[in-house]
Amino acid sequence: RNNAWLWLAALLPTALIGFFTYRQVNATMEQSVRDELRGVADSLAHASRRFLVDKSRLVESWSRQPGIQSLIVELSEAERNGSANQLVPIEERTEQIQSLLQQLSGSDEVKFVVWSDTAQTLASSDDEIAKSGNKVSPEHEDMLSRVLSGETVVFGPERVDASSDPDAYPEPPVMAIVVPVNEDNGEMVGALMVR
């Protein structure tokens with residue numbers, strides 16, 4: 001009986017010390033993993049912000065490129081004068097903008113949309129959107145109004161189809177940069193979305 005009490009007196013403190021040590025080491029390791037994951041998440045968020053800022057500045061520079069800028073100004077002036085469909089060959093201007101953007105981006109897959117300062121579609125590489133004079137969709141009016149007030153906006157990631165069935169539209173969500181387009185004198189003439 002005395003031996004049993006001795007064994008209990010010897011084992012109980014050892015078991016308690018082991019249990020509390022295990023819990024403390026476990027809690028320290030969990031905190032270390034949390035801190036490391038928080039650091040990785042912060043690093044990814046910073047890298048993502050830097051990536052989007054770099055892409056935004058790149059598209060802003062494209063919108064100021066003289067060839068693209070003059071084509072958008074020409075389309076905007078034609079839309080203001082009500083002669084967009086008569087005097088300015090929209091398909092030709094669309095192809096010229098597409099060609100310039102392909103040269104600047106180094107990608108044949110670049111897509112774009114140009115809106116006037118009245119939210120009318122002036123040109124687009126997408127045939128569905130390309131009909132000149134179409135208004136921007138209601139869910140994107142807020143985005144376009146922000147751009148037309150001088151802000152650069154990152155669009156998406158978002159699906160660009162109208163269908164709610166994901167199987168009906170297998171393309172992945174898209175992201176795009178939307179920038180204001182100004183004349184040389186600083187007057188706003190429209191917006192350019194590049195994806």
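Guide: In this predicted model, the side chains of arginine 93 and glutamate 74 form a polar contact at 2.7 Å (a pair of N or O atoms within 3.5 Å, one able to donate a hydrogen and the other to accept it; residues adjacent in sequence count only if both atoms are side-chain atoms). Residues are numbered from 1 along each chain as its sequence is written, and side-chain values use heavy atoms, without hydrogens or water. Local features need pLDDT of at least 70 and side-chain atom pairs 80 or more, whereas totals for chains, interfaces and linings use all residues.

Arginine 93 belongs to helix α3, residues 90-105 (helices are DSSP runs of H or I of at least four residues, strands runs of E of at least two, numbered from the N terminus). With a relative accessible area of 12%, arginine 93 counts as buried (under 20%; exposed is over 50%, partly exposed in between; 1.4 Å probe, protein chains only). Across the protein, 29% of the 195 residues are buried.

In helix α4, residues 141-148, the buried residues are Met143, Leu144 and Val147. They lie on the same side of α4, because their arc around the axis is only 95° (taken from the directions from the helix axis to the C-beta atoms). These buried residues pack against β1, β3, β4 and β5 (contact means heavy atoms within 4.5 Å). Just after α4, glycine 150 has a positive phi of about 105°.
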